[in-house]
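Here's a quick briefing to read alongside the model. Have the sequence and the 3D view open as you go.

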Amino acid sequence: MSDLSPSSPDMAATASLADVAIVMGSRSDWPTMKKAAGLLRDLGVNYEAQVVSAHRTPDRLVAFARGARERGIKVIIAGAGGAAHLPGMIASMTTLPVLGVPVKSKALSGQDSLLSIVQMPAGVPVGTLAIGDAGATNAGLLAASILSLSDDGIAGRLAHWRQAQTDSVPVTVED
Ligand code: RP5
């Protein structure tokens, strides 16, 4: 597991111990995308996190997307804001499942991000989540759910997490 760090190795080239890759268009997306990272950490899922910009670092994007499966990545969570082409461009270069998180943009509150990610042409799927923190959180849960199909440990921890959430919802309302 790793936090976003300027000293992270070039993950486009090195084999990964992570099952999930979290990528984002800018370091400014991390406050949102770390919700996905936190969920994965809580569920004991190995992940890596790095900045890959469709517009500012296109070569890094191609290297990441083309190399992800070979490096051992099983699920990709891609978050971006504004003209959010990152998830779709990654999906165009890999058959791994890609979960897209629309980051809340300053100008249009993430509606631009959502529409940029969700309207993929038939044949190149991106599983699009909600705008912002809820979307990032659910991307982490969905990635764990996908991995739980072949990992009983993750399946058990995921079921426990969901039950704990259910148990935490009070029946009564009080001031
Ligand atoms: C997108 O542009 C990023 O995903 C980010 O949400 C947005 C703004 O990026 P910064 O200008 O904050 O780096 O590519």
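**A proline to start with**

Pro125 is partly exposed, because 14 other C-beta atoms lie within 10 Å; the cut-offs are 20 or more such neighbours for buried, 12 or fewer for exposed and partly exposed in between, with C-beta atoms placed from the backbone. You'll find Pro125 in the loop between H4 and E5. Those labels are DSSP runs, numbered from the N terminus: helices are H or I with at least four residues, strands are E with at least two.

Two housekeeping points come next. This is a predicted model, where local features need pLDDT of at least 70 and side-chain atom pairs count only at pLDDT 80 or more, while totals for chains, interfaces and linings use all residues. Residues are numbered from 1 along each chain as its sequence is written.

**More on Pro125**

- Leaving aside neighbours within four places in sequence, Pro125 is in contact with Ala91 and Met120; contact here means C-beta atoms, placed from the backbone, within 7 Å.
- Pro125 and Pro102 are 23 residues apart along the chain, and their C-alpha atoms are separated by 15 Å.

**The sheet**

- Five strands make an open sheet, ordered E2-E1-E3-E4-E5, and the pairing is parallel; two strands pair if DSSP finds at least two bridges between them.
- At the edges sit E2 (47-51) and E5 (127-128), each pairing on one side only.
- Helix H4 (residues 111-118) packs on the sheet and touches E3, E4 (98-103) and E5. The direction of H4 makes about 160 degrees with that of E4; axes are lines fitted to C-alpha atoms, for helices over the stretch in contact, and angles run from 0 to 180 degrees between N-to-C directions.
- E1 (residues 20-24) pairs with E3 (residues 75-81) in the parallel sense over 5 bridges, and Val23 stands opposite Ala78 in E3.
- E1 is also joined to E2 by 5 bridges, again running parallel, with Glu48 in E2 as the bridge partner of Ala21.
- E3 and E4 pair in the parallel sense over 6 bridges, and here Gly81 stands opposite Val103 in E4.

**Two enclosed strands**

- In a regular strand the side chains alternate between the two faces of the sheet.
- 5 of the 5 residues of E1 are buried, so E1 is largely enclosed by the rest of the structure. Val20, Ile22 and Met24 are on one side and Ala21 and Val23 on the other.
- E4 is largely enclosed too, because 6 of its 6 residues are buried. One face holds Val98, Gly100 and Pro102, and the other holds Leu99, Val101 and Val103.

- Val23 lies in E1 and counts as buried because it has 28 C-beta neighbours inside 10 Å.
- Beyond four places in sequence, Val23 is in contact with Gln50, Val52, Phe64, Ile76, Ala78 and Leu86.
- Val23 and Met33 are 10 residues apart along the chain, with 8.4 Å between their C-alpha atoms.
- Ile76 touches Ala21, Val23, Ala68, Ile90, Leu96 and Val98, not counting residues up to four places away in sequence.
- Which residues touch the most other members of the 49-residue largest nonpolar core? They are Val20, Ile22, Leu40, Ile76, Ile77 and Ala143. Such a core is a set of buried Ala, Val, Leu, Ile, Met, Phe, Trp, Tyr and Cys residues joined through C-beta atoms within 7 Å.
- Helix H5 (residues 133-148) supplies the largest share of this core, 6 residues.

**Around H4**

- Ser109 is in the loop between E4 and H4 and has a positive phi of about 60 degrees although it is not a glycine.
- Ser109 counts as exposed, because it has 12 C-beta neighbours inside 10 Å.
- Leu114, in helix H4, counts as buried because it has 25 C-beta neighbours inside 10 Å.
- Leaving aside neighbours within four places in sequence, Leu114 is in contact with Pro102 and Ile131. Leu114 and Ile131 are 17 residues apart in sequence and 6.5 Å apart in space, C-alpha to C-alpha.

**The ligand shell**

- Around the ligand are Met24, Gly25, Ser26, Ser28, Asp29, Ser53, Ala80, Gly81, Gly82 and Val103; a residue qualifies if its C-beta atom, placed from the backbone, lies within 6 Å.
- By class, this shell has 3 nonpolar, 6 polar and 1 charged residues. Ala, Val, Leu, Ile, Met, Phe, Trp, Tyr, Cys and Pro count as nonpolar, Asp, Glu, Lys and Arg as charged, and the others, Gly among them, as polar.

Key. Two residues are in contact if their C-beta atoms, placed from the backbone, lie within 7 Å.
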